Amino acid sequence: MKITDAKVIVCCPGRNFVTLKITTDAGISGLGDATLNGREKAVATYLEAYCIPALIGKDPRNIEDIWHYFYKGVYWKRGAVTMSALSAIDMALWDIKAKALNTPLYNLLGGKSRERVLVYAHVTGKDLEQTLEDVSKKVEAGYLAVRVQSGIPGLGQIYGVPKGDKPYEPAQKGLPQEETWDTAKYLNFVPKMFAKIRAVFGDDLHLLHDVHHRCTPIEAARLAKELEPFHLFWLEDPVTAELQEGLRLVRQHSTTPIAIGEVFNSVYDYTTLITEQLIDFIRMPLSHGGGITHLQKVAAYAAFYHIQTGFHGATDLSPVNLAASLHFDLAINNFGIQEYMPHQEIVHAVFTPNYHYENGFLYVDDTPGIGVTFNEEKAKQYPYQTACLPVNRKTDGTMFYW
Ligand code: CS2
Ligand code: MG
């Protein structure tokens, strides 16, 4: 079998997505998600200029060799753009292989370890009252796990809180919008929020929270310690994790489980975190972390340190990534939970998913391959629109992490 063509389709059905389609001489094609929120054109250009020409003529069945061609063979290694491109190539090759063997992808990953995938929903609100209402809505919808983000008294627009009634999409058209932040106000509010949620909804609902990289290690240690009575399923990205050893300070002070890695793109981002058991869940998604080939290795490595998966699954990762993640989630033993932010209906005009939600779980069907179909004609109706993630300043004007 030979790769005869490959192309990148950038489209914007409600938000931007980058999709790689690889076609073979057997008439089988595969899809990969190359979306990197706010940096879509960078990944598309890298694929078109430097990857696709080298893909033509290769045997798509040699996934491991092609992975290393675009990893070891590239002098300037790693990084979000290059690894998102490699992830999409890898995803598309696994899609082709499974289709060629006429089997759903999970069968190539060890088969089913479970029949369904536990997911968590996003709960949000401009204030505590609205947030509690949204918890109720998600519980009524059958979710067993919810990630809770809320507006902070005294602060304006912050991460995780939609504007008005629009669905939450952090990337906005044009140049980055500015948000403001006050860690002291945040640290004073969040424990009170979870105390209230536990008081109203009891102990069984899995509660998660995303700090979104905004504490110093000692601030994160304080927060993790103060949240212990509420038994969170996880506290996500408590600190910006370029300094992996920073998590030692958090670990010393709290038993609140920690999840990290949605902004990571290779195993090397995790080595200290995993080997020193500083985390409990790996978040690095298939579409940014080197695809199935690399995440198989990282998830296996993590398993020996009692660490589970909890893949990123925000709406800025496409249905191709979500479906591939579900196959992976079904197969591995150390699965933890899957993030599930349902895409807007308009997205399904272009991407036809092969998964469905039911009572707190996602189910993927037995369509061969990853199982998502992509309508190229429809995609043309939604041209790319420049959109950037916000930037974030402390209330004193200091530039901070978003
Ligand atoms: C968030 C993401 O889902 C999450 O955990 O951290 O929504 C993140 O803000 C976006 O993916 C950024 O594009
Ligand atoms: Mg996050």
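This is a predicted model: local features need pLDDT of at least 70, side-chain atom pairs count only at pLDDT 80 or more; totals for chains, interfaces and linings use all residues.

Q: What volume does the largest cavity have?
A: The largest cavity has a volume of about 100 Å³.

Q: Which residues are closest to its centre?
A: Q149, I158, W181, Y186 and H209 are the closest to the centre, out of 15 residues that line the largest cavity.

Q: Which elements give two or more residues to that lining?
A: They are β5 (145–150), α5 (183–201) and β8 (206–210). The most comes from α5, which gives four residues.

Q: How do the residues of that lining divide into nonpolar, polar and charged?
A: The lining of the largest cavity has nine nonpolar, four polar and two charged residues.

Q: And the second largest cavity, what lines it?
A: Its lining is Y46, F70, Y71, V74, W76, K77, R78, T82 and M83. Six of these are nonpolar, one is polar and two are charged. The volume of the second largest cavity is about 40 Å³.

Q: Back to α5. How do the axes of α5 and α6 cross?
A: The axes of α5 and α6 (residues 217–226) come within 9 Å and cross at roughly 15°. The angle is under 35 degrees, so α5 is roughly parallel to α6. The crossing is right-handed.

Q: Which residues make the contact?
A: T183, Y186, L187, N188, V190 and P191 of α5 meet E219, R222, L223 and E226 of α6. The residues of this contact divide into five nonpolar, two polar and three charged.

Methods: Residues are numbered from 1 along each chain as its sequence is written. Chains are lettered from A and ligands numbered from 1 in the order in which they are written. Side-chain values use heavy atoms; hydrogens and water are left out. On a 1 Å grid over the protein atoms alone, a cavity is a set of points where a 1.4 Å probe fits but cannot get out, and a pocket is an open set with protein on both sides within 12 Å along at least five of seven lines; lining residues have an atom within 4 Å of a point. Grid points are joined across faces, edges and corners, and a volume is the space filled by probe spheres set on the points. Ala, Val, Leu, Ile, Met, Phe, Trp, Tyr, Cys and Pro count as nonpolar, Asp, Glu, Lys and Arg as charged, and the others, Gly among them, as polar. Axes are lines fitted to C-alpha atoms, for helices over the stretch in contact, and angles run from 0 to 180 degrees between N-to-C directions. Angles under 35 degrees count as roughly parallel, over 145 as roughly antiparallel, 65 to 115 as roughly perpendicular and the rest as oblique. A crossing is left-handed if the near helix is turned anticlockwise from the far one by less than a right angle, and right-handed if clockwise. Contact means heavy atoms within 4.5 Å.
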